[in-house]
Structures are given as structure tokens and as C-alpha cells.
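Student: I am new to this structure. Please show me how to read its features.

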Amino acid sequence: MSNSTVLGVVLLTRHGDRQGFYQSPTTYTATSTAITPLGNQQEYQLGQLLRSIYLNSSSESVISGMNATLANQNQIKIRADGGGEGGVIFNSAVSLTQGLFPATSNYSTTLANGTTIEGPLSGYQYIPIESVEADNDVSLEGWTSCGTFDDHTNAFYNSSVFAAKQAESAEFLNDLKPYLDGRPVTLSNMWNIYDYMNVENIHSASFMDNLPDTFLQQARDLANWHEYGVFSDSSLDGIGNIAARTMLPSIFDAFTSITDDSDALKFTYLSMSYKPFLSLFNMTKAAEMNPALQGIVNYAAAVTLEVRAASAGGEPVLRFNFKNGTDDDAFRTYSILDHEGDVPLSTFVNLLQPAAINTTAEWCTVCSNTQDRGCAALSQASAAARVHQVIGPVGAGFLGAGLTLFVALVMLGVLVFLGVLTVGKGRSRSKKFAEEKA
């Protein structure tokens with residue numbers, strides 16, 4: 001495969017090792033938990049590896065024009081899911097950036113009196129990370145409070161294929177009961193069963209010693225099947241793919257900035273849970289072409305979407321790389337979208353863009369939600385606009401100005417609350433589209 005110039009990278013990572021955690025099998029609402037020192041170390045080491053690939057001048061994949069020692073904040077954009085798992089995902093992003101941009105004596109300043117001051121912690125670099133709060137932004141957690149997705153999940157549980165898998169696994173699930181500390185032992189609860197076993201197997205020596213050798217892998221296989229069934233769909237724009245559909249606009253925005261010579265952005269990093277990986281692998285056909293990807297990614301798993309200048313000239317191409325946490329020593333390049341090797345960037349965007357959920361208003365419609373995550377404010381604004389439209393000519397003469405002002409204020413409040421109704425940030429894409437229209 002050609003070692004073409006890397007123009008920029010979109011990085012997607014799962015958080016590192018954490019403490020125990022529970023999520024509803026039907027709605028996927030989650031409890032809070034906390035990252036462990038192991039989790040921080042996993043992410044830090046991943047950051048070091050990424051630095052060796054993309055910020056090392058002797059690497060074949062060094063990002064062209066990106067500052068490697070002192071982080072240039074105009075070249076970097078980091079967003080971390082601040083939702084279901086408490087601070088685990090955000091703290092994972094902090095640890096990764098420590099490895100990506102380590103402390104340096106170059107982070108210093110010389111004062112007017114000639115004194116040189118180095119930043120604390122030997123020049124620790126404080127890199128801004130946006131915490132994406134689920135109540136205000138659906139981009140990294142599109143599945144929660146989504147009634148349509150809940151219906152999809154329940155339909156999966158009531159399907160004939162689920163019933164067949166349940167019958168097939170009944171004996172094994174019964175054998176698991178002594179090891180689960182009273183937890184419900186059902187196939188629908190398989191993710192929580194596996195996650196409990198995995199956490200205990202990492203952190204409890206007695207659990208690890210007592211668990212039969214094959215049980216953890218058997219539970220992992222069932223959990224992989226379960227989660228891929230929930231977070232995938234046979235249709236590109238199906239609700240089962242919602243975890244990636246809401247994330248796509250952030251990826252597209254990054255591509256637009258990276259390929260715009262007037263934009264400084266080189267590196268976009270999205271820190272999240274395992275769920276968007278499943279949907280993205282399904283939508284890009286990475287899982288179809290590589291069946292090993294039809295499952296839960298490990299802690300500190302990472303995808304890098306490399307935007308590269310085509311060796312033969314022409315439009316940029318995309319290279320899809322994946323590293324499954326500490327199970328893999330290095331990133332591996334995967335084929336996607338029925339293509340072998342690099343994919344034209346426009347092919348990726350044109351195929352997936354129609355399935356993207358670009359605004360909170362779109363999400364509210366797709367999820368049939370009129371109350372949560374900003375949907376109530378949108379509903380109120382829509383109702384106010386409809387009232388304004390049905391007023392007759394005479395009434396309009398008396399009330400038009402007042403109602404227009406009222407509607408404008410309501411809509412302004414909604415726009416501010418929802419971040420201009422975009423999913424993620426649309427700065428670069430909006431700018432380029434405006435230039436193209438001019």
C-alpha cells in the first residue's frame with residue numbers, strides 16, 4: 001500500500017479500564033463508574049503509540065505540517081463523551097493526550113525581567129478537551145432516550161434468531177449462576193453478565209482463580225453477538241446504527257477542515273464508549289469484510305481515519321486502521337465499503353452522509369422524542385411558529401409584531417441551548433460550504 005502523505009487524522013477511541021458498571025438491557029441508560037490506574041495507563045500508552053506514528057518525523061505516517069513538541073491548539077480538536085459512564089471517557093482522553101503530547105521544557109516563557117518560567121509538572125501541556133454532555137448534544141451518545149431505538153432493541157429480543165440463540169446458550173447461562181453474585185442470568189442481560197465477569201477477572205484474584213478456563217471467552221462470544229445485534233442494522237440509515245449516525249457529522253466536519261488549506265486543523269479526536277464502533281463497523285462494511293470486528297472492542301481500542309494525499313494526484317483518500325486495545329501490538333489497516341486498500345474520501349462521505357443525523361431536530365424526529373435532550377424546547381418553538389402562521393390578516397395587524405418577536409426569542413433560546421441545532425461542531429464545514437456557494 002502506498003505511503004502517501006498524511007494530511008490529517010480522525011481518531012476514535014474507547015475508554016480505558018474502569019470499575020464495575022451497569023446499563024439497562026432495554027434502554028441502555030447507564031450508571032456512573034470510575035476509571036482505574038490501569039485504564040489511565042492503557043490510554044497513556046496508546047497516546048505514546050500514536051505519537052510515534054503521527055508526530056515522529058521519521059515515521060512514514062507523520063502528519064504533514066503538525067507541531068510535534070508543543071501542541072498547537074488550532075491544529076487539534078478533542079471531544080469526549082460526558083454521558084453514561086461518568087468521567088471515565090473524559091479522563092481517558094486526558095491520559096491519552098499526556099502520551100500524545102508529553103511534558104516538555106519548551107512549554108515555558110521568559111518574563112520581562114529575564115526570568116524563564118517552565119510550566120508545572122516539568123512542562124505539562126494542558127490541552128483543551130470538550131466534554132460532550134448528553135443532555136445538550138446527541139453526537140456521541142445518540143441511543144439514549146431514543147424510543148425508536150428502544151423499540152429496535154425489544155424487537156431484537158423478541159426475534160426468532162434471539163430465541164434460537166437463547167435456547168442454544170441456556171445450559172451455559174445456567175452454569176454461570178454461581179459466579180455472578182445473584183445477577184439476572186438471561187441472554188438479554190448478556191452485556192452486563194460479561195462486563196461483570198471481565199471486571200472481576202481483571203481485578204479479583206479469587207474470581208479469576210475460581211472461574212473455569214473457557215467461561216470468560218464463552219461469555220464474551222455471547223456478549224459480542226448480543227451487542228452487534230443491538231447496535232447494527234441491515235439498512236444503512238436503520239435505527240440500529242444510530243450510535244454512528246449521530247457521530248458522522250463530527251467526522252465529516254473534520255474531513256472538511258483537514259482538506260481545507262486555509263484551515264489549521266490536523267487532528268480530531270473523539271473519545272467514547274464501545275457502541276459507536278459497532279455501528280461504524282457495520283455501516284462501513286468493515287465487519288462484513290472482517291467478521292472479527294462483529295463484537296465489542298476492548299478497552300483503549302482505537303480507529304484512525306487517515307486522510308491522505310493520493311499518490312497519483314487527484315482527490316484525497318481515506319485509510320481505515322484499527323487496533324483492538326492491548327490485544328494488538330500495532331494498528332492494522334482494514335478494507336471498507338467493498339474497496340481493497342485506500343478509499344476515495346468522496347466515496348466514504350457520499351455513501352454515509354445520507355444516513356447521518358446532523359441536528360438535534362433530526363434526532364428528535366428519528367427517535368420520536370418530544371420531551372428529552374432539547375426536544376421539548378424544539379416542540380415548543382415549533383408550536384409557537386404554527387400559532388403565528390394561522391393568525392388571520394386582521395389579527396396579524398395587531399399581534400404580528402409581538403408574536404414575531406416572541407417566536408424569534410423562543411427560537412434564539414433554542415438555538416443557543418442546542419448549539420445552533422447542530423450535532424457536534426459545524427464550524428469548518430459551514431465555512432467551506434459558504435465559500436463554495438459564493
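This is a predicted model: local features need pLDDT of at least 70, side-chain atom pairs count only at pLDDT 80 or more; totals for chains, interfaces and linings use all residues.

Student: How much space lies in the largest pocket?

Tutor: Rolling a probe the size of a water molecule over the atoms shows where empty space is left. A pocket is an open set of points on a 1 Å grid over the protein atoms alone, where a 1.4 Å probe fits, with protein on both sides within 12 Å along at least five of seven lines. Here the largest pocket holds about 600 Å³, a volume being the space filled by probe spheres set on the points, joined across faces, edges and corners.

Student: Which residues are closest to its centre?

Tutor: Lining residues have an atom within 4 Å of a point. There are 29 of them, and Y194, R220, N298, N324 and D327 are the closest to the centre of the largest pocket.

Student: Which helix gives the most to the lining?

Tutor: Helices are DSSP runs (H or I, at least four residues), and strands are too (E, at least two), numbered from the N terminus. Helix 6 gives the most, with six residues. Helix 6 (190-203) and helix 8 (215-230) each supply at least two.

Student: Where is L337?

Tutor: L337 sits in the loop between strand 9 (332-334) and strand 10 (343-344). Its phi is near 55°, a positive value in a residue other than glycine.

Student: And S122?

Tutor: S122 is in helix 3 (residues 120-123). S122 is not a glycine, yet has a positive phi of about 60°.

Notes. Residues are numbered from 1 along each chain as its sequence is written. Side-chain values use heavy atoms; hydrogens and water are left out.
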